[in-house]
Amino acid sequence: MALRHLVARPVACWHYTRAFATQASKVAKGASVLEAITAVKTGAKAKFDETVEIAVRLGVDPRKPNQNVRSTISLPHGTGKTVRVAAFATEADAEAALAAGADVVGSDELIDQVAKGTIDFDRCVATPSMMAKLGRVARILGPRGLMPNPKLGTVTKDVAQMVKELKGGMVQFRTEKMGIIHAPVGKVSFSEAALKENIRELMVALANCKPESQKGSYIKGVSLCSTMGKGVQIDVTNADPSSPRFMLE
């Protein structure tokens, strides 16, 4: 939503979920999570396996540092996407990352490639000892959401484990300017049950990230769409873990 396609704003979903009222499908307005999944799967007409994307509007002010929601989650059924992972590491750590499935492994030479504009990966991980050197390319990786971050677990001594998690479909989410979270939750080819479980895990993770300083309603709007399909507005009470109607059919 490249970390690029894991965290970058899914244009189709945002286009149809703008304001969470005027652009969402009138037929499925206020649908349950399961009804929304069914509608999105039925409405996906592209000739490729479209990504199912969720957009959540939070009652936070991202301009305030203590209300900037950001974290990662490993979805139980993955995202269905092939993720290219790079590991900035040396010696034994580099060998472990390669054995764990990293697509690109290196240290100084890999940093030089990035500095020249060659970025052949979607996500990356680094050992703590590499962070000082990565400062050279922070302005390149940072805006793309690719800079390793200890808070997200991508700066770690156990690079092999993180490589496995990234390859397995770990999703990074963070609030955008309007307090919107976008994230992929699978493919239209996934079963309804698998998509529902992925959405459940994501919504619980979002609830656990609620800032202590946040006041009022936290989850204000939820919408689901496929890459090329229209958005379907979801009844917030059915998608909010704090609600007694959470995920009820």
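**Close-up 1. The buried face of helix 3.** In helix 3 (residues 33–43), the buried residues are V33, A36, I37 and V40. Here "buried" means under 20% relative accessible area, "exposed" means over 50%, and "partly exposed" lies in between (1.4 Å probe, protein chains only). Looking down the axis of helix 3, you find its buried residues within an arc of 100°, so they line one face of the helix. That arc is taken from the directions that run from the helix axis to the C-beta atoms. What do these buried residues pack against? Their partners are strand 1 (51–58), helix 9 (192–208), strand 8 (219–226), strand 9 and helix 10. Contact here means heavy atoms within 4.5 Å. Helices (H or I, at least four residues) and strands (E, at least two) are DSSP runs, numbered from the N terminus.

A note before you go on: this is a predicted model, in which local features need pLDDT of at least 70 and side-chain atom pairs count only at pLDDT 80 or more, while totals for chains, interfaces and linings use all residues. Residues are numbered from 1 along each chain as its sequence is written, and side-chain values use heavy atoms, with hydrogens and water left out.

**Close-up 2. Helix 8 and the glycine that follows.** Now find V159, A160, M162, V163 and L166, the buried residues of helix 8. They span an arc of only 165° around the axis, which puts them on the same side of helix 8. Strand 3, helix 4, strand 5 and strand 6 (170–174) are what these buried residues of helix 8 pack against. After helix 8 comes G169, with a positive phi near 110°.

**Close-up 3. A salt bridge between D103 and K167.** Which two side chains meet here, at 2.9 Å from N to O? They belong to D103 and K167, and they form a salt bridge. The term stands for a side-chain nitrogen of Lys or Arg within 4 Å of a carboxyl oxygen of Asp or Glu. D103 sits in the loop between helix 4 (91–99) and strand 4 (104–106), and K167 in helix 8 (residues 159–167), so the pair ties together parts that are 64 residues apart in sequence. D103 is partly exposed, with a relative accessible area of 42%, and K167 is partly exposed at 30%. In total, the structure holds 7 salt bridges.

**Close-up 4. K133 and D108, another salt bridge.** The side chains of K133 and D108 meet at 3.2 Å, N to O. This pair links distant parts of the chain, with K133 in helix 6 (residues 131–134) and D108 in helix 5 (residues 108–115), 25 residues apart. Are the two residues buried or partly exposed? K133 is partly exposed, with a relative accessible area of 38%, and D108 is partly exposed at 37%.

**Close-up 5. D235 and R245 around helix 10.** A salt bridge joins the side chains of D235 and R245 at 3.0 Å, N to O. D235 lies in the loop between strand 9 (232–234) and helix 10 (236–239), while R245 is in the segment after helix 10, 10 residues apart. D235 has a relative accessible area of 26% and is partly exposed; R245 is partly exposed at 36%. Also in the segment after helix 10 is M247, a residue other than glycine whose phi is positive, near 65°. M247 is buried, with a relative accessible area of 4%.

**Close-up 6. Two phenylalanine rings, edge-to-face.** The structure holds 1 aromatic pair, formed by F88 and F121, with 6.2 Å centre to centre and 85° between the planes. Rings of Phe, Tyr and Trp (its six-membered ring) pair if their centres lie within 6.5 Å; planes under 30 degrees apart count as stacked, over 60 as edge-to-face and the rest as tilted. F88 lies in strand 3 (residues 85–88) and F121 in the loop between helix 5 and strand 5 (123–126), so the pair ties together parts that are 33 residues apart in sequence. F88 is buried, with a relative accessible area of 0%, and F121 is buried at 1%.

**Close-up 7. E91 in helix 4.** Where does E91 sit? Its place is in helix 4. E91 is a residue other than glycine with a positive phi, near 45°. At 68% relative accessibility, E91 counts as exposed.
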